[in-house]
Amino acid sequence: MLNYFIEVGRILAAIQELFPIEKIRGERRSLNSTLEERLNPRLKGIIIPNLRPIEVALSETRTGYNKDAHPWNFGVRYDRRIVVFDTENSRPIEMVYDWANLLEHTNLLSREERRRVRETIFQTHKEFGANLDQDKYNLAYYNAICARALELVGILLERGETEHARAMIGNALYALTMI
C-alpha cells in the first residue's frame with residue numbers, strides 16, 4: 001500500500017509541476033466562498049470569521065492544477081501501472097490541498113507512512129526544479145487538512161459516509177496538534 005501512495009505522490013507532483021498554470025480553466029475559489037456554500041448558517045457564523053490563520057498559511061504556497069487527488073481518483077491496472085481518473089482542470093488550488101486529499105481522506109496509512117509519502121512529493125517537486133520551503137509547506141499542509149475537513153465532513157455525513165467523515169475529523173484533530 002505504501003509503495004502505491006509513494007508512486008501516486010510522485011505522479012501528483014509531476015502533474016502539479018508540469019501542467020501549465022495558464023491552461024487551468026476555472027477561477028480560484030477562496031475557502032470562505034466554499035464554506036459559505038457548504039456550512040449551515042450557525043456554523044458559518046462561528047467558523048468563517050476565524051479562518052485567517054488557515055488562509056495565511058495557504059497563501060504562502062504555490063497554486064497549481066487541481067488534480068482532486070483523493071485515493072479514489074487513482075487505480076492500479078493488472079500490469080501494476082497507475083491510472084489517473086477525474087482530471088478536472090476546474091480551477092487552480094494551493095498544491096497542498098491535493099497532498100491532503102491524497103493522504104488524509106482515510107486512515108489507510110500510518111502517520112509515519114504519510115510523512116514518507118509527503119516527503120516523496122516534496123522531493124519530486126524539487127527534482128522538477130521547484131524551490132519550496134519545507135517548513136512553510138508542512139504548515140500549509142496541516143492547515144489544508146483542517147480546511148478539507150471543514151469543507152467535506154458535512155457532505156460526507158449527509159451521504160451516510162460516517163467512517164470517511166470520522167477519518168477526516170480525526171486527521172484534522174491530529175493536524176491541529178502539528179500546527
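The dialogue below takes up helix pairs and then pockets.

Q: What kind of model is this, and how are its residues numbered?
A: This is a predicted model, in which local features need pLDDT of at least 70 and side-chain atom pairs count only at pLDDT 80 or more, while totals for chains, interfaces and linings use all residues. Residues are numbered from 1 along each chain as its sequence is written, and side-chain values use heavy atoms, with hydrogens and water left out.

Q: At what angle do α7 and α8 pack, and how far apart are their axes?
A: Helices (H or I, at least four residues) and strands (E, at least two) are DSSP runs numbered from the N terminus; axes are lines fitted to C-alpha atoms, for helices over the stretch in contact, and angles run from 0 to 180 degrees between N-to-C directions. Here α7 (residues 134–158) and α8 (residues 162–178) pack at about 155 degrees, with their axes 9 Å apart. The two helices are therefore roughly antiparallel to each other, where angles under 35 degrees count as roughly parallel, over 145 as roughly antiparallel, 65 to 115 as roughly perpendicular and the rest as oblique.

Q: Which residues make the contact of α7 with α8?
A: Contact means heavy atoms within 4.5 Å. Among the residues that make it are Tyr142, Cys146, Arg148 and Leu152 of α7, and Ala165, Met168, Ala172 and Leu176 of α8. By class, the contact holds 16 nonpolar, three polar and one charged residue, with Ala, Val, Leu, Ile, Met, Phe, Trp, Tyr, Cys and Pro counted as nonpolar, Asp, Glu, Lys and Arg as charged, and the others, Gly among them, as polar.

Q: Is the crossing of α6 and α7 left-handed or right-handed?
A: A crossing is left-handed if the near helix is turned anticlockwise from the far one by less than a right angle, and right-handed if clockwise. α6 passes α7 in a right-handed crossing, whereas the crossing of α7 and α8 is left-handed. Helix α6 (residues 111–127) packs against α7 at about 130 degrees, with the axes 12 Å apart, and that makes α6 oblique to α7. In this pair, Arg118, Glu119 and Phe122 of α6 meet Gln134, Tyr137, Asn138, Tyr141 and Tyr142 of α7.

Q: How is a pocket found, and which residues lie closest to the centre of the largest pocket?
A: Rolling a probe the size of a water molecule over the atoms shows where empty space is left. On a 1 Å grid over the protein atoms alone, with a 1.4 Å probe, a pocket is an open set of points with protein on both sides within 12 Å along at least five of seven lines, and lining residues have an atom within 4 Å of a point. The largest pocket holds about 550 Å³ of space, a volume being the space filled by probe spheres set on the points, which are joined across faces, edges and corners. Of its 28 lining residues, Arg38, Arg91, Arg148, Glu151 and Leu152 are the closest to its centre. The lining divides into nine nonpolar, eight polar and eleven charged residues, and α7 gives the most to it, with five.

Q: What lines the second largest pocket?
A: That pocket has about 240 Å³ of space and is lined by 15 residues, of which Ile54, Cys146, Leu150, Ala172 and Leu176 lie nearest its centre. Two or more residues come from each of α4, α7 and α8, and the largest share, five residues, is from α7. Its lining has 13 nonpolar, two polar and no charged residues.
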